[in-house]
Amino acid sequence: MTDAPLLTHVLGDLHALQVPIPYPMKYVTVLLDRPAGGPVTMIDCALDTPEARAALEDGLAALGLHWPDVDRLIITHHHPDHYGLAGVVEERSGAQVQMLDVEIGRGERYWHLWEEWLPGHLKHMRDHGLPPESLDSMGADNRRGRERVHPASRVQPLREGQHVELSGQPWEVLWLPGHADGHLGLWNEAEGTLIAGDAILPRISPNVGLYAYTRPDPLGDYLQTLGKLEALNPARAVVGHHGPVMTGVQARARELRAHHHERLDFMAAEAAREPRSAYDLSLAMFPRDLNVSGRRFALAETLAHVEHLRLLGQLYRTWNEARGVWLYHA
């Protein structure tokens, strides 16, 4: 056994486990539901590292469980720190793996078609100005990330508006796109509790990036998600990072909306000054020192903002043949 597992009681038989990940957030939240006589459910599962496997085993053991006891694994979204061990959990337990139908068709499929899709990812970043040295390392970085993901062999769809039972109570399946196209949430109105994944976070803004395989307007999707969360006004949310539980969800949703509108205004003003690639605009939006991986996230987030403006008719883009990049301009 390692140190005592970081378990937090949420409600009823539902517990939140903090699982270590090798990212700046340090932990990802995995939920474990152990109702008396009912199916054992895990929600999210971290990425495949020895530390994460050990933390999951310790968390299960603290509830008197082991891998074979898990009957169902629900995934909030396909990002590696939430989905990476899905195939391992499936193999060791025979658990049914479930995701939102929208996420199966695109995000989850990404892990199965990764090799085929990688050239498209590289072209997408190159077309928007990512420098050659960053492109050269991108494939290697992506490959390292891919090695920590074991996709499930069979994934069952959940649909928005459907209900699943946790801790003997019905939870409504929500579609909360933006951070990921098919991001799933679970809402218990009676308890005022939302299982939010990364749809909303305290302390940091969830990354909303435009990638080669995402929906065309992730920021537009996310602004709608924030409106949905504001209207729900949960008393508390179980979140993927910097939690496991946060309050003040409605106020945080308003903060994040204001944050993105400020960035949209800034991007519109910057692009109006002179035509620039999304990468050059990202240097203005994120002027601080970032590592190579951070710069790629910054580019994807900048792209989400300028494409949102373009789709609204507030910016335009023109292909610059000499440089081989798209330039955004007013």
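Helices (H or I, at least four residues) and strands (E, at least two) are DSSP runs, numbered from the N terminus. The structure is a predicted model, in which local features need pLDDT of at least 70, side-chain atom pairs count only at pLDDT 80 or more, and totals for chains, interfaces and linings use all residues. Residues are numbered from 1 along each chain as its sequence is written, and side-chain values use heavy atoms, with hydrogens and water left out.

**Exercise 1. Describe the stretch of residues 25-241.**

Step 1. The UniProt record, an unreviewed entry, lists residues 25-241 as "domain: Metallo-beta-lactamase". UniProt positions are given in the numbering used here, feature names are shortened, and annotations may be inferred rather than shown by experiment.

**Exercise 2. Determine the strand order of the seven-stranded sheet and state which elements lie on it.**

Step 1. Two strands count as paired if DSSP finds at least two bridges between them. The seven strands form an open sheet with mixed pairing, in the order E1-E2-E3-E4-E5-E6-E7.

Step 2. Strand E1 (6-11) and strand E7 (155-158) each have a single partner strand, so one side of each is left without a neighbour in the sheet. From one strand to the next, the twist averages 25°. Axes are lines fitted to C-alpha atoms, for helices over the stretch in contact, and angles run from 0 to 180 degrees between N-to-C directions.

Step 3. Within this sheet, strand E3 (residues 27-33) pairs with strand E4 (residues 40-43) in the antiparallel sense over three bridges. Opposite aspartate 33 stands threonine 41 in E4.

Step 4. Helix H1 (residues 50-62) lies across E1, strand E2 (14-20), E3, E4 and strand E5 (70-74), and runs at about 155° to E2. Helix H3 (residues 86-93) also packs on the sheet, where it touches E4, E5 and strand E6 (96-100). The direction of helix H3 makes about 160° with that of E5. Contact means heavy atoms within 4.5 Å.

**Exercise 3. Classify the ring pair of tryptophan 117 and tyrosine 213, and locate its members.**

Step 1. Rings of Phe, Tyr and Trp (its six-membered ring) pair if their centres lie within 6.5 Å; planes under 30 degrees apart count as stacked, over 60 as edge-to-face and the rest as tilted. The structure holds five aromatic pairs.

Step 2. The ring centres of tryptophan 117 and tyrosine 213 are 6.0 Å apart and the planes stand at 35°, so the pair is tilted.

Step 3. Tryptophan 117 belongs to helix H5 (residues 114-127), whereas tyrosine 213 is in the loop between strand E11 (193-197) and helix H7 (218-232). The two residues are 96 residues apart, and the pair thus links distant parts of the chain.

Step 4. Tyrosine 213 has a relative accessible area of 15% and is buried; buried means under 20% relative accessible area, exposed over 50%, and partly exposed in between (1.4 Å probe, protein chains only). Ring pairs link Tyr110, Trp111, Trp117 and Tyr213 into a cluster.

**Exercise 4. Describe the surroundings of tryptophan 326.**

Step 1. Strand E14 (residues 316-320) and strand E15 (residues 325-329) pair in the antiparallel sense over five bridges. Tryptophan 326 in E15 is the bridge partner of tryptophan 319.

Step 2. The rings of tryptophan 319 and tryptophan 326 form an edge-to-face pair, 5.2 Å centre to centre with 70° between the planes. Both are partly exposed: tryptophan 319 has a relative accessible area of 32%, and tryptophan 326 has 23%.

Step 3. Arginine 317 lies over the face of tryptophan 326, at 4.2 Å from the ring centre. A charge sits over a ring if NZ of Lys or CZ of Arg is within 6 Å of the ring centre and within 35 degrees of the ring normal.

Step 4. Arginine 276, in the loop between helix H8 (249-273) and helix H9 (278-285), is buried at 11% relative accessibility. Leaving aside neighbours within four places in sequence, the contacts of arginine 276 include Trp326, Leu327 and Tyr328.
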